[in-house]
Amino acid sequence: MASFISAQNFLKIFFVISVFQMSLATRRLNELVQDQPQLLEYHHGPLLSGKISVNLIWYGKFKPSQKAIISDFMTSLSYSSVQSNQPSVASWWKTTEKYYHISQKKSSALSLSLGKQILDENYSIGKSLTSKQIVDLASKGEQKNAINVVLTSADVTVDRFCSSRCGTHGSSSKSGQIKGKIYKFAYIWVGNSETQCPGQCAWPFHQPIYGPQNPPLVSPNADVGLDGMVINLASLLAGTATNPFGNGYFQGPAEAPLEAASACPGVYGKGAYPGYAGNLLMDGTTGASYNAHGANGRKYLVPALYDPSTSSCSTLV
């Protein structure tokens with residue numbers, strides 16, 4: 001089973017809601033949150049736990065500066081709060097720990113670290129990929145105690161990219177056995193939407209195709225495509241940790257579940273409503289909007305996560 005971030009349908013929903021007055025939209029959004037089940041349903045499957053390496057598989061052309069944005073984000077997930085300014089990516093990630101506390105399963109805490117980086121700059125299987133080929137690429141990474149992340153460049157098209165999804169996560173045991181045992185590994189795919197569909201997959205750093213046409217925000221790393229990828233990667237990482245094999249925490253149908261981040265669409269700060277990301281921090285020099293500090297002085301925008309302890313969408317700011 002693979003879970004995905006819907007693009008077009010999500011934006012259409014924004015458009016429908018936004019035809020009402022702003023105050024009415026805000027009130028109804030709050031009512032929707034309150035009407036949701038108090039907790040993402042737990043389906044009694046395993047969560048990711050222990051020491052997990054996140055391997056990055058770069059498919060296509062990426063600049064060194066672009067690779068650094070993603071790798072620094074991965075490092076930021078486990079960056080000590082003592083080392084970083086607050087609010088931080090690491091403090092955002094701690095919300096996922098609450099799912100482990102209520103699962104009532106004995107498992108060690110999840111600890112993510114940046115693993116290997118695999119480059120495929122020559123488009124070994126072409127520039128138009130199927131979902132099966134994404135899994136093929138993901139299987140190039142380590143199979144045990146790992147999340148393999150496939151990142152496709154702006155000139156690579158992927159099945160249903162932009163039309164219905166900005167990325168996906170799932171699991172596979174594609175490459176068979178390791179020392180006589182079959183391991184199922186988790187994978188993520190995220191595409192760079194900069195030239196294909198930034199209005200769908202890089203909002204709020206690009207004007208949306210549907211809904212209120214407010215000016216886009218300035219991206220914190222001066223790269224709309226990569227800052228959009230960070231948002232989608234963050235969402236899918238949270239879904240992978242709490243629903244890695246399709247039987248963890250989610251709402252709705254298993255084929256298109258609402259998970260830790262996708263249960264809070266379009267929310268990045270307090271006061272968010274359709275077409276407005278919420279009250280965010282702003283860099284006084286660049287005018288960029290963000291809500292989390294990261295490693296190496298980075299700033300990022302990360303999505304709200306559903307907090308099972310409060311049954312609400314939790315934001316950093």
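What percentage of the 317 residues in the protein is buried? I looked this up at the outset and found 53%, where buried means under 20% relative accessible area, exposed over 50% and partly exposed in between, with a 1.4 Å probe and protein chains only.

I noted that this is a predicted model, in which local features need pLDDT of at least 70 and side-chain atom pairs count only at pLDDT 80 or more, while totals for chains, interfaces and linings use all residues. I number residues from 1 along each chain as its sequence is written, and side-chain values use heavy atoms, with hydrogens and water left out.

**Overall make-up.** I counted eight helices and 18 strands in the protein, taking helices (H or I, at least four residues) and strands (E, at least two) as DSSP runs numbered from the N terminus.

**Strand β3.** I then turned to β3, residues 50-59, where eight of the 10 residues are buried. I found that β3 pairs in the parallel sense with β4 (residues 110-120) over nine bridges, and that seven bridges join β3 to β6 (residues 146-152), also running parallel; two strands pair if DSSP finds at least two bridges between them.

**Aromatic pairs.** I looked for rings of Phe, Tyr and Trp (its six-membered ring) whose centres lie within 6.5 Å, calling planes under 30 degrees apart stacked, over 60 edge-to-face and the rest tilted. By this rule I have nine aromatic pairs. Because Tyr42 lies in β2 (residues 41-42) and Tyr249 in β12 (residues 249-250), the pair ties together parts 207 residues apart in sequence. Tyr42 counts as buried at 13% relative accessibility, as does Tyr249 at 1%. Phe73 and Tyr300 form an edge-to-face pair, 5.2 Å centre to centre with 75° between the planes, and this pair links helix α3 (residues 64-76) with strand β16 (residues 299-300), 227 residues apart. Both Phe73 and Tyr300 are buried. I also noted that ring pairs link Tyr42, Tyr99 and Tyr249 into a cluster.

**Thr310.** Lastly I checked Thr310, which lies in the loop between β17 (305-307) and β18 (312-314). At 47% relative accessibility, I list Thr310 as partly exposed.
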